[in-house]
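Colleague: I am new to this model and would like to learn how to read it. Could we go through a few features in turn?

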Amino acid sequence: MAAAARATATAGRRQVDRRAATTERLLDATIECLAEDGYVATTTRRVAERAGVSQGAQQHYFPTKAALVDAAMLRLVEQLLADAATRGLDVGTEQERAGALLDMIWEIHNLPVTPAVLELFNVARTEPVMAARVAEIVCSGMSEIQGIAAALLPSYAEREGFADLIQIAMATVRGTVVVANIPGATDAYPDWPVLRAHLLASLERLGSPAMTSRNH
């Protein structure tokens, strides 16, 4: 009886492992298709082929393209936030951590998965259901980044406008990356060191005596 129970448990674990591995392959294939082929050309058949699984198996895990893309979006955010969490930014002075935080924001916007994210942003402009889901995920990701920023930079976080500046930094980097992906547009955006210096200068100006006196 005990041996039978162990065998059943082992078989159950193997099945769970196989399901997890198949799911991971399908989501990775979806992200790759979005990045390389675009949303319209990303079909469930193409994803299944790329993942090395049958169409029937793909439909068992994700019955529709919408379900597949939705799960892929969550995986993208998880990958980006996991990357952010392992950066080891909590070192040096607070000013040095501010620079490291900005570098992290720049780098996570330039990861290999970035084209897939930008593709989903583009689709969200014209598809209400996708827009609602993308907006939810983007807002959640922004909240996570602001939490990381506040923990790393406690004295800056106490200054008025800090949360807004983190949003500005994210939006600035995102917009720059969009333009940077256009071939031949190198004269239309600044290099990262220039952009970084301006963002750091803006951070230092938060809550300065001159600004405080004008605001009051």
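Colleague: Which helices do the buried residues of H10 pack against?

Modeller: This is a predicted model, and in it the buried residues of H10 pack against helix H5 (94-108), helix H8 (154-157) and helix H9 (162-180).

Colleague: Which residues of H10 are buried?

Modeller: The buried ones are Trp192, Leu195, Leu199 and Leu203. Down the axis of H10, these buried residues fall within an arc of 80°, so they line one face of the helix.

Colleague: What is the general idea behind such a face?

Modeller: An α-helix has 3.6 residues a turn, so residues three or four places apart point the same way. As for the face of H10 turned away from the buried side, Pro193 and His198 are exposed there.

Colleague: How is the span of helix H10 checked against its 14 residues?

Modeller: Take 1.5 Å a residue: the 14 residues of H10, 192-205, should then span 20 Å. The end C-alpha atoms are 20 Å apart, which agrees.

Colleague: What follows H10?

Modeller: Glycine 207 follows H10, and the phi of this glycine is positive, near 65°.

Colleague: How many aromatic pairs does a search of the whole structure find?

Modeller: The search finds 1 aromatic pair. Its members are tryptophan 106 and tryptophan 192, which are stacked, with 4.8 Å centre to centre and 10° between the planes. Since tryptophan 106 lies in helix H5 and tryptophan 192 in helix H10, the pair ties together parts that are 86 residues apart in sequence.

Colleague: Are tryptophan 106 and tryptophan 192 buried or exposed?

Modeller: A residue counts as buried under 20% relative accessible area. Tryptophan 106 has 18% and is buried; tryptophan 192 has 12% and is buried too.

Colleague: Where does methionine 142 lie, and what does this residue touch?

Modeller: Methionine 142 lies in helix H7, residues 128-152. With a relative accessibility of 13%, methionine 142 counts as buried. Leaving out residues up to four places away in sequence, methionine 142 touches Gln167, Met170 and Arg174.

Colleague: One last feature. Where does the charged end of lysine 65 sit?

Modeller: The charged end of lysine 65 sits over the ring of tyrosine 39, at 4.0 Å from the centre of that ring.

Definitions and conventions
Residues numbered from 1 in each chain as written. Predicted model: local features only at pLDDT ≥ 70, side-chain atom pairs only at ≥ 80, totals over all residues. Heavy atoms only, no water. Helix = DSSP H or I, 4+ residues; strand = E, 2+ residues; numbered from the N terminus. Expected span 1.5 Å × (residues − 1). Buried < 20%, exposed > 50% of the residue type's maximum accessible area, 1.4 Å probe, protein only. Arc of directions from axis to C-beta. Contact = heavy atoms within 4.5 Å. Phe/Tyr/Trp six-rings, centres within 6.5 Å; stacked < 30°, edge-to-face > 60°. Lys NZ or Arg CZ within 6 Å of the ring centre and 35° of its normal.
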